[in-house]
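User: Could you walk me through this model before I set anything up?

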Amino acid sequence: MARGKQKEQAREKAQKLAETRQGGKSQLAARAAGLQMKCPVCKTPAANYKIIVKHMEAKHPKESIPPESAFQS
Ligand SMILES: [Zn+2]
């Protein structure tokens, strides 16, 4: 039974991924749009610059934090 459910979930996941690629309005797409910034060191996605700064201070204290403008695409 669990196997069948897993398969179903995988199918849904693939469908959402396809919607995202097509610019669909799924929640997944909305969430992805909110995570455009990435840590330049470990590529962890972050919603905004403040989170990047906190993340870098915590995880990469030896790295210099780039200015916010460096994250604008
Ligand atoms: Zn990082």
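What follows is a conversation about the model, with cut-offs given as terms come up.

Analyst: This is a predicted model, in which local features need pLDDT of at least 70 and side-chain atom pairs count only at pLDDT 80 or more, while totals for chains, interfaces and linings use all residues. Residues are numbered from 1 along each chain as its sequence is written, and side-chain values use heavy atoms, with hydrogens and water left out.

User: Which secondary structure elements does the protein chain have?

Analyst: The protein chain has three helices and two strands, and from the N terminus on they run α-α-β-β-α. Helices (H or I, at least four residues) and strands (E, at least two) are DSSP runs, numbered from the N terminus.

User: And how many of the residues count as buried?

Analyst: Of the 73 residues of the protein chain, 18% count as buried, where buried means under 20% relative accessible area, exposed over 50% and partly exposed in between, with a 1.4 Å probe and protein chains only. The protein chain exposes about 6300 Å², of which carbon and sulfur atoms supply 53%; these accessible areas come from the Shrake-Rupley method with a 1.4 Å probe, and for residues only the protein chains shown count as cover.

User: OK, the metal. What coordinates the zinc ion?

Analyst: The zinc ion is coordinated by SG of Cys39, SG of Cys42, NE2 of His55 and NE2 of His60, at 1.9 to 2.3 Å. Donors are N, O and S atoms within 2.8 Å of the metal (3.2 Å for Na, K and Ca), and water is not among the atoms, so sites may look incomplete. Along the chain, the donors of the zinc ion follow the spacing C-x2-C-x12-H-x4-H. Among them, Cys39 in the loop between β1 (37-38) and β2 (45-46) and His55 in helix α3 (residues 49-59) link distant parts of the chain, 16 residues apart.

User: Why is the arrangement called tetrahedral?

Analyst: The four donor atoms subtend angles of 105 to 118° around the zinc ion, which makes the arrangement tetrahedral, since four donors count as tetrahedral if all angles lie between 85 and 135 degrees. For reference, the ideal angle for four tetrahedral donors is 109.5 degrees.

User: Are the two histidines buried or exposed?

Analyst: His55 counts as buried because its relative accessibility is 18%, and His60, in the segment after α3, counts as buried at 13%. A polar contact of 3.2 Å joins the side chains of His60 and His55; a polar contact is a pair of N or O atoms within 3.5 Å, where within protein one must be able to donate a hydrogen and the other to accept it, and residues adjacent in sequence count only if both atoms are side-chain atoms. Leaving aside neighbours within four places in sequence, His55 is in contact (heavy atoms within 4.5 Å) with Cys39, Cys42, Thr44 and His60, whereas the corresponding list for His60 holds Cys39, Val41, Cys42 and His55.

User: Which residues of α3 are buried?

Analyst: In α3, Tyr49, Ile52, Val53, His55 and Met56 are buried. They cover an arc of only 165° around the axis, which puts them on the same side of α3, the arc being that of the directions from the helix axis to the C-beta atoms. What covers these buried residues includes β1 and β2, while the face turned away from the buried side carries the exposed residues Lys50, Lys54, Glu57 and Ala58. At the start of α3, a side-chain oxygen of Asn48 reaches to within 3.1 Å of the backbone nitrogen of Lys50.

User: Switching to the backbone, which residue has a positive phi?

Analyst: Lys43 has a positive phi of about 65° although it is not a glycine. Most residues other than glycine have a negative phi. Lys43 is found in the loop between β1 and β2 and is exposed, with a relative accessible area of 52%.

Technical notes: Four donors count as tetrahedral if all angles lie between 85 and 135 degrees; four count as square planar and six as octahedral if opposite donors are over 155 degrees apart and all others between 65 and 115; anything else is irregular.
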